[in-house]
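Dear colleague,

Please find below the structure that I am handing over to you.

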Amino acid sequence: AETVERVLQLAGIAAGRAAAAQVAVAPAELVHDSVGACRNEIERAGVHVEIEVAPDLPPVLGDVSALRSALQNLISNAVKYGGDARWLRVSASRSGVGSREPGVGANHVVFTVEDHGLGIEADDRKHIFEPFYRGREAVSKQIQGSGLGLNLVARIAEAHGGKVSVTSEPGKGSVFAISLPAISGRAAAESQAFADVGAGLQTRP
């Protein structure tokens, strides 16, 4: 059932529907909501979570549900592949200011999910965002998964004008980063006004 649902999600994103309902999204709210949605999984695994959100971050423009799905996917993976360290960190920062994503312009917000777990071999990193691809470590340790999650994350990021990347070292952990374009205060206000009008139209009798 999970695989079918994710295939349908991927199909929708490929058709350009991922960012159909774009609004201004506050990075802090996105981080906390995503961690909260994974709370049961985190607690069952006994994982300690650190949250770091830089102050005064600009909003990003996007489909809240899609962006939350992308971040939740990375958090869930960090829980599954975190190994005995039982630790992960979720952060948001302005690119170039304490972010772990090099080569991204200063007008981006970078969301990162970091663990001290199994890590990913260099050969696997080349294919990790391909649909249905599963790394050798995941297969050998029989860690459950569909092989679609990271491809979904990549497609969501791209549909929002951003990208996802990974840095990793086998046996030491991984850092996944989603960089998304930031929007100005004026654009955020206009986006919110448009969303409010749309909501009003939907609730009319």
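The side chains of R89 and E114 are joined by a polar contact of 2.8 Å; a polar contact is a pair of N or O atoms within 3.5 Å, where within protein one must be able to donate a hydrogen and the other to accept it, and residues adjacent in sequence count only if both atoms are side-chain atoms. Please note that this is a predicted model, in which local features need pLDDT of at least 70 and side-chain atom pairs count only at pLDDT 80 or more, while totals for chains, interfaces and linings use all residues. Residues are numbered from 1 along each chain as its sequence is written, and side-chain values use heavy atoms, with hydrogens and water left out.

R89 has its place in strand β4; helices (H or I, at least four residues) and strands (E, at least two) are DSSP runs, numbered from the N terminus. R89 is buried, with a relative accessible area of 15%; buried means under 20% relative accessible area, exposed over 50%, and partly exposed in between (1.4 Å probe, protein chains only). A further polar contact, of 3.5 Å, joins the side chains of R89 and E52.

Side chains of opposite charge can pair when their charged atoms come close. A salt bridge is counted when a side-chain nitrogen of Lys or Arg is within 4 Å of a carboxyl oxygen of Asp or Glu, and the count comes to 6 salt bridges. One of them links E50 to R89, with the closest N and O atoms 3.6 Å apart. Because E50 lies in strand β2 and R89 in strand β4, this pair ties together parts that are 39 residues apart in sequence. E50 is partly exposed, with a relative accessible area of 27%.

E114 also forms a salt bridge with R89, the closest N and O atoms being 2.8 Å apart. This pair links distant parts of the chain, as E114 is in strand β5 and R89 in strand β4, 25 residues apart. Both E114 and R89 are buried.

Elsewhere, K172 forms a salt bridge with E169, at 3.5 Å between the closest N and O atoms. K172 is exposed, with a relative accessible area of 56%, whereas E169 is partly exposed at 43%. Salt bridges that share partners join E50, E52, R89 and E114 into one network.

For the protein as a whole, the secondary structure comes to 8 helices and 7 strands, and buried residues make up 45% of the 205 residues.

Yours sincerely
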